[in-house]
Amino acid sequence: MDRFDAMQAFARVVETRSFTQAAETLHMSKTSVTQLVQQLEARLRVQLLNRTTRKVNVTADGAAYYERVVRLLADMDDAETSLSGASASPRGRLRVDVPTPLARMLLVPALPAFHARYPDIQLDMGVSDRMVDLIGENVDCVVRGGELTDQSLMARRVGDLQLKVCAAPDYLERAGTPSHPRELEDTHHRIVGYHWSRTGKTFPYAMRRGGEHIEVQGRYVLAVDDGNAYLAAGLAGLGVLWLPDYMCKAHLARGELVPLFEDWQLDPMPMYVAFPPNRHVSAKLRVFIDWIAELMAHQAPVVVRGRRDS
């Protein structure tokens, strides 16, 4: 039995609560993972996991052992990356998930500079606006806009997205140009709805001007759950949009979108890099998070400094 492989298999089973998922994320067979954990239990002479046909739960002894295993695996990773200049040149595979518009407009175009700086980091980038199970899917980190609802995650705030309200000229020709956000509640006006993956619902947009504070829900003929589709719907004239600056800047400059309610203010949308609480922040993950923060400092700097963890 390779003790390192056994400890790694055990830790992954605890994190995913499944031998099957643990095997998939480790690129091993379920039988191999099961045997490694059984051999580890036999060597320690203690039961680490309670197994049923439906789920896997860690025992009290297993929980205590898991905490030490996680620290040991992290120390081993640090020891390896400190050799042969590896700390100055992080290497290895990094699994991340980012929103579709952010990937297309900001991150992917900037990646050549990242890879020139860190040529030994291999990025597996999921591009989606869906809710990602970081542990179950073995994802190292996600980049997400909006306040995080999962308080179990560790997160670093890397930017604040300034928002604008805008619409396509074709839409404004048909529906008229609203002079007050309340007009978007009228029957002849439409917004493009956005379904957040966390709730599956649209939500009202808060706006303020002086002492006036309102929330606009609006009515829609189309709601989507993808940022690129949301922008495309607005450009097609299907309704009014609430967009971050980086998504609408070029379209405003070309006249494809028209700004609305410029004397009103919207709260910026915070952007976070989130990662599992028990996942070791390796050198490659640390430099990726720092790179995201550096990139966003130019595009959407944090207005109020704040992070739950760095």
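**Chat: a sheet and a helix pair**

Me: Which residue stands opposite Val-143?
Reply: Val-273 in strand 15 stands opposite Val-143. This is a predicted model, where local features need pLDDT of at least 70, side-chain atom pairs count only at pLDDT 80 or more, and totals for chains, interfaces and linings use all residues. Residues are numbered from 1 along each chain as its sequence is written, and side-chain values use heavy atoms, with hydrogens and water left out.

Me: How many bridges join strand 5 to strand 15?
Reply: Strand 5 (residues 141–145) and strand 15 (residues 269–275) run antiparallel and are joined by 4 bridges. Two strands pair if DSSP finds at least two bridges between them; helices (H or I, at least four residues) and strands (E, at least two) are DSSP runs, numbered from the N terminus.

Me: And what order do the strands have in the open sheet?
Reply: The order is 4-3-5-15-6, 5 strands with mixed pairing. Strand 4 (121–127) and strand 6 (154–161) are at the edges with a single partner strand each, so one side of each has no neighbour in the sheet.

Me: Switching to helices: at what angle do helix 1 and helix 2 cross?
Reply: Helix 1 (residues 3–16) and helix 2 (residues 19–26) cross at roughly 125°, their axes coming within 8 Å. Axes are lines fitted to C-alpha atoms, for helices over the stretch in contact (heavy atoms within 4.5 Å), and angles run from 0 to 180 degrees between N-to-C directions.

Me: Which residues of helix 1 meet helix 2?
Reply: Gln-8, Ala-9, Arg-12, Val-13 and Thr-16 in helix 1 do, meeting Phe-19, Gln-21, Ala-22, Thr-25 and Leu-26 in helix 2.
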